[in-house]
Amino acid sequence: MKQTKSKVLSLLGIIAGMFAVAFVMASCKTEISIPTHTVTYSSAHGSVPEAISVEENTALSEGQLPALSDDNASFAGWYLGTSKVEPGYVVNADLALTARWEFTVAYSSQYGTAPEAINVEENSVLSAEQLPELTDDAAVFKGWYAGDTKAVPGEYQATNNVTLTARWSQLATITYHSKFGTVPESFELERNQTLTSEKVAAPADCSPYTFLGWFNSEDDDHNGTGEQINAGLTITNNTDLYAKWKTATLSFTTEYGSTPASIKKYTGEKISETEIPAMTTDSYTFAGWFDGSTKLTSDYSVTDDVTFTARWTATVSYHSKFGVAPQSFARELKQTLTAEDFPVVDCSPYTFLGWFDSEDGDHNGTGTQINAGLEINDNIDLYAKWGTATVSFSTEYDTNPASIKKYTGEKISGTEIPVLTTDGYTFGGWFNGSTKLIADYTVAADVTFNAKWTVNTYTITFDANGGTGESYSQTVTYGTTVNLNANRFTRDGWSFIGWNKVSDGSGTAYLNKANFAVTDASDITLYAQWDPNATASTVANMIKSMTKSGTIAVKGIISNATISEINSALAELRKNNSNILVSLDLSMTTGITKFDGFYSCENLKSITIPNGVTSIGDGAFEYCFGLTSVSIPNGVTSIGKQAFRSCSKLTSIEIPSSVRYIGAEAFRDCSKLADVTFTDEESSWKYNDNGRVVTIGRINATQLTKTYVYHNLYK
């Protein structure tokens, strides 16, 4: 209110002054000099403005009273003494303005509830209300501090923005932890106090364990670790004390198998059965863990670090083909075998020779003989060795059989006696002098047996092979050479030219009464070989002169003219004697490729068409009513129309794979034709032009493209 009244009076004064000046200026033309005043500024914070000069009675503007700023305080205005100077203030004397500031006092506390921040004027002293005492169950309040300076009510002045921190005096809890013994009771101690010796004493009732002190942490087994806690330690916080107990390590070492992990135990503690490592290895038997002569067993008390060594035993095993082998036994490694470890096996009639380190394929001892004094460094297998003898074989013929190794006193079985076979001889057994090797022969020593042989005899049978005459034979001895018996066979239209081991003459040939080496260890058949009497120039006359049915084989070159002559000769023979049937074998002829055949030759019984023929003409065998057999060579590609029409006695025919065309009605009226075999593996019958399935009895022109066998076409 005072300031407002002052402002009003100042304003009235300014107005009165203005009127006075105006009156003077109006009434007096004399120039008046206006005095000036200096305005200076001062401040403990911020950037201080430069001093200014103003005329007397000048009202200060906002720009002449600038607001200052500082990070550590809040600007409160410009003051003249205790009065705040506001814009509009009239200067009538030099002014010394001082900036006044406000500070923020904030509070921070670990405990209790800190007050809200407050603003205070510069140089003001904080009161007890502004420095309140706090309370908390966990600590005792010791006052407010700016850094290390305690803010005392009625004395402390804020010179900057400041945060006051509450200080407390705290109680720390000391807690004990121990794996063994009776754990001491926890207790509280004011912070920054020190531990006394009685507070770090050993737990009670901890025998037989050895207490090493209290430490500030523990391991996974709840044993003290880290730094040791001793009397005199200043307590600044809750503290856990962990009892540390002396430990000892049981280590293990082994020459075989994998070394077990060591065991950490507390001194005075005992080993349990399950903690003792069990060892296995493919070679040896585990005998236990030893420290010198002390064996590790359950209830072993640990007193200090110790290493136990594995002991192993090896097995000495006996093996014998005969008798009863001694019982195997175990003995510790590095010991030696004694004479008692090599017992004699008594097994009559066999001869025991000692114990050896290996065995042969028959389980008899071999290798190096083992005797007393051998150091045991591994499992040992001892093999009984028995006396043996060899039965050998020798033969003049065939290959000598492998010898037989037998144990002396052992018998030969019947299946062990070799049975020999060789071409031309009969095996008579094995002999050593007059002694024949038979089953149950007892082997006493090495012996050789010789084979006994008897030479064989065989029969040569002579076959007429198309000729006539009674069969006969000849007995011969293997390995000899004989003269063959003379030929006794005949054949119409053919000449005998010798013998052959194959009926078609493709084997070994022999002349009549030739020398014959008996090298085949079997009976032999020799086939008579015949040479046709007919040629192209003689065949027609031979047909005309036939007096009975038979076969005429023709050799050499023929022509279609010759075929015509044969046709005429067959017709003439038919006219003179209709009962004579002729079989023609033209397979040994050459010269024609198209075979026009024998039209209407009723007395033609069979025909073998020449090998060079590629086509059978139209009607080639039409109306050959007596034809029962036809041999068509592979190479024929076409069969003409009506080629076999009305061959009513023809029962079967084989069409070679080379045939690709069969003419219309080629087999018409072949009423007895029951079996037709097509040998082409990639052919088939197609439908004829009328869409009907092709038949053999009524063939229309078609192509052969697949193998089929037709049976009983007229049933």
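Hi everyone, thanks for coming. Before the tour, a word on ground rules. The model is predicted, so local features need pLDDT of at least 70 and side-chain atom pairs count only at pLDDT 80 or more, while totals for chains, interfaces and linings use all residues. Residues are numbered from 1 along each chain as its sequence is written, and side-chain values use heavy atoms, with hydrogens and water left out.

Let's start with the sheets. When I say strand or helix, I mean DSSP runs numbered from the N terminus, with at least two residues (E) for a strand and at least four (H or I) for a helix. As a reminder, strands of a sheet pair through backbone hydrogen bonds, either parallel or antiparallel.

Now to helix H3. How far apart are its end C-alpha atoms? They are 24 Å apart, which agrees with the 24 Å that 17 residues (560-576) should span at 1.5 Å a residue; the expected span is 1.5 Å times one less than the number of residues. For burial, I call a residue buried under 20% relative accessible area, exposed over 50%, and partly exposed in between, using a 1.4 Å probe and protein chains only. The buried residues of H3 are Thr 562, Ile 563, Ile 566, Asn 567, Ala 569, Leu 570 and Leu 573. They cover an arc of only 165 degrees around the axis, which puts them on the same side of H3; that arc is taken from the directions from the helix axis to the C-beta atoms. Lys 575 and Asn 576, on the other side of H3, are exposed. The cover over the buried residues includes helix H2 (539-544) and strands E41 (582-590), E42 (594-595) and E43 (604-608), where contact means heavy atoms within 4.5 Å.

Next, charges. A salt bridge here is a side-chain nitrogen of Lys or Arg within 4 Å of a carboxyl oxygen of Asp or Glu. The whole structure has 18 of them. Take Arg 167 and Asp 148, whose closest N and O atoms are 3.2 Å apart. Arg 167 belongs to strand E11 (residues 162-177) and Asp 148 to the loop between E9 (139-146) and E10 (149-150), so the pair ties together parts 19 residues apart in sequence. Is Asp 148 buried or exposed? Asp 148 is exposed, at 71% relative accessible area, while Arg 167 counts as partly exposed at 35%.

Asp 531 and Lys 555 form another salt bridge, at 2.6 Å between the closest N and O atoms. Lys 544 and Glu 572 meet at 3.9 Å, N to O, and that pair links H2 to H3 across 28 residues. There is also a network of salt bridges linking Lys 265, Glu 269 and Glu 275.

Finally, the cores. A nonpolar core is a set of buried Ala, Val, Leu, Ile, Met, Phe, Trp, Tyr and Cys residues joined through side-chain atoms within 4.5 Å. The largest holds 49 residues, and Phe 598, Ile 607, Ile 616, Phe 621 and Phe 644 touch the most other members. H2, E40, H3, E41, E43, E47 (652-655) and E49 (675-678) each supply at least two residues of this core. Which element gives the most? Our friend H3, with five residues. A second, separate core of 36 residues includes Tyr 300, Leu 337, Phe 342 and Phe 352.

That's my tour, and I'm happy to take questions.
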